[in-house]
Amino acid sequence: MRGDLHEANRRSWNAATAAHNSHKGDQAAWLRGGGSTLFPEERDLLGEVAGRTLLHLQCNAGQDTLSLAALGADAVGVDISDEAVAFARRLSAESGIPAVFERADVYDWLEEAARAGRRFDRVFSSYGAVCWLSELGPWARGIAGVLGGGGHFVLVDFHPVAAMFDARMRLVFPYSGGRAIRSEEGIRDYVAWSGEGLLHGAEYREGVVDFRNPHPSHEFAWGVGEVVGALLEAGLTLEALREWPYSNGYAPFEGMRPLPGRRWAPPEGVPEMPLMYGLSARKPG
């Protein structure tokens, strides 16, 4: 595992998250009023969460975690960013939706949690998560280690095929292999790009303008087969694997076409391609 690159990413995420959160209006009031940041794809794969213990890995600023807690899940969110976890804790307190948020590198957290005997009915991760993992084996084994018998891991993420292209749809990045891809620009202000699309109808504020991240970031290219293979090798049983030709809430390419439900399709004239995938894997027992 590349702990040095994880630490570099933590710094980049801290700077970016402060910019991201500057655009978010009164999210606490919106959540109190029944707002939810969840999409149908993850709701379907997760199934009933009321009364379940749920671990949300790489939870970012906590909106999805709190949306799941509002459905009755006993939720714990984990993220590497200090800024994200601090925001999530404030949002929990101000919205009145109880959840626990813990700051840690996901690998360290999973190892310590398994050693401490912490177990969950659901483990969940979504939307730009896998690309920050420097190794899949320890991640998958860590998930298996904190799932209770019969528990499920659910992942919904942007498709690695789509991640091969830059914003102008030029083929520039590898599909798989886990090689580190350094960005001198660091994590950018994708919330500003997407406006209300990522805020699920909550108020959008201008916030930070023309954000420039002083810290570089490092992503890792993993193919769907590598992700599934790691989970199978960790002893989980694959129960569902799905692909979708649209992107939820986020338009990764120039000229993308809006669809109902805050989804985005490829630009006009571009053939259909997978933009997201999802899976559910069960721990036997």
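Biologist: Which residues does Ala-140 touch, not counting residues up to four places away in sequence?

Modeller: A contact means heavy atoms within 4.5 Å. By that rule Ala-140 touches Ala-230, Leu-231 and Ala-234, with residues up to four places away in sequence not counted. Ala-140 sits in helix α7. Helices here are DSSP runs of H or I with at least four residues, strands are runs of E with at least two, and both are numbered from the N terminus.

Biologist: What kind of model is this, and how are residues numbered?

Modeller: This is a predicted model, with residues numbered from 1 along each chain as its sequence is written; local features need pLDDT of at least 70 and side-chain atom pairs count only at pLDDT 80 or more. Totals for chains, interfaces and linings use all residues, and side-chain values use heavy atoms, with hydrogens and water left out.

Biologist: Is Ala-140 buried or exposed?

Modeller: Buried means under 20% relative accessible area, exposed means over 50%, and partly exposed is in between, with a 1.4 Å probe and protein chains only. Ala-140 has a relative accessible area of 0%, so it is buried. The C-alpha atoms of Ala-140 and Phe-153 are separated by 9.6 Å, and the two are 13 residues apart along the chain.

Biologist: Which other residues of α7 are buried, and what do they pack against?

Modeller: Start with the helix itself. An α-helix has 3.6 residues a turn, so residues three or four places apart point the same way. In α7 the buried residues are Trp-139, Ala-140, Gly-142, Ile-143, Ala-144 and Val-146. They pack against β1, α6, β4, β5 and α9.

Biologist: What does Trp-139 contact?

Modeller: Set aside its neighbours within four places in sequence. Trp-139 is then in contact with Leu-57, Tyr-107, Leu-110, Leu-133, Phe-153, Val-227 and Leu-231.

Biologist: How many residues are in the largest nonpolar core?

Modeller: In soluble globular proteins, nonpolar side chains tend to be buried together. A nonpolar core is a set of buried Ala, Val, Leu, Ile, Met, Phe, Trp, Tyr and Cys residues joined through side-chain atoms within 4.5 Å. The largest one here has 36 residues, and Leu-55, Trp-139, Phe-153 and Val-227 have the most contacts inside it. Elements giving two or more residues to this core include β1 (53–57), α7 (137–146), β5 (147–158) and β12 (276–282). A second, separate core has 31 residues, including Val-49, Val-85, Leu-91 and Val-156.

Biologist: Now β12. Is Ser-280 buried or exposed?

Modeller: Ser-280 lies in strand β12. At 5% relative accessibility, Ser-280 counts as buried. Its contacts beyond four places in sequence include Leu-45, His-152, Phe-153 and Val-154. Thr-237, Leu-238, Glu-239 and Ala-240 are also among them.

Biologist: And Glu-243: buried or exposed?

Modeller: Glu-243 is exposed, with a relative accessible area of 52%. It lies in strand β8 (residues 237–244). Leaving aside neighbours within four places in sequence, Glu-243 is in contact with His-159, Pro-274, Met-276 and Tyr-277. Glu-243 and Leu-275 are 32 residues apart in sequence and 7.6 Å apart in space, C-alpha to C-alpha.

Biologist: Where is Pro-216 found, and which residues does it touch?

Modeller: Pro-216 is in the loop between α8 (190–194) and β7 (217–220). Beyond four places in sequence, Pro-216 touches Ala-8, Ser-12, Arg-182, Ser-183, Glu-184 and Gly-186. Pro-216 and Ala-8 are 208 residues apart in sequence, yet 7.0 Å apart in space, C-alpha to C-alpha.

Biologist: What phi does Tyr-127 have, and what of Arg-262?

Modeller: Check the residue type alongside the angle. Tyr-127 is not a glycine, but has a positive phi of about 50 degrees. Tyr-127 lies in the loop between β4 and α7, and is buried at 18% relative accessible area. Arg-262, also not a glycine, has a positive phi of about 60 degrees. Arg-262 sits in the loop between β10 (257–259) and β11 (263–265), and counts as partly exposed at 27% relative accessibility.

Biologist: Last, the whole chain. How many helices and strands are there?

Modeller: The chain has 9 helices and 12 strands. Of its 285 residues, 53% count as buried. Among contacts between residues at least 6 apart in sequence, 77% join residues at least 24 apart.
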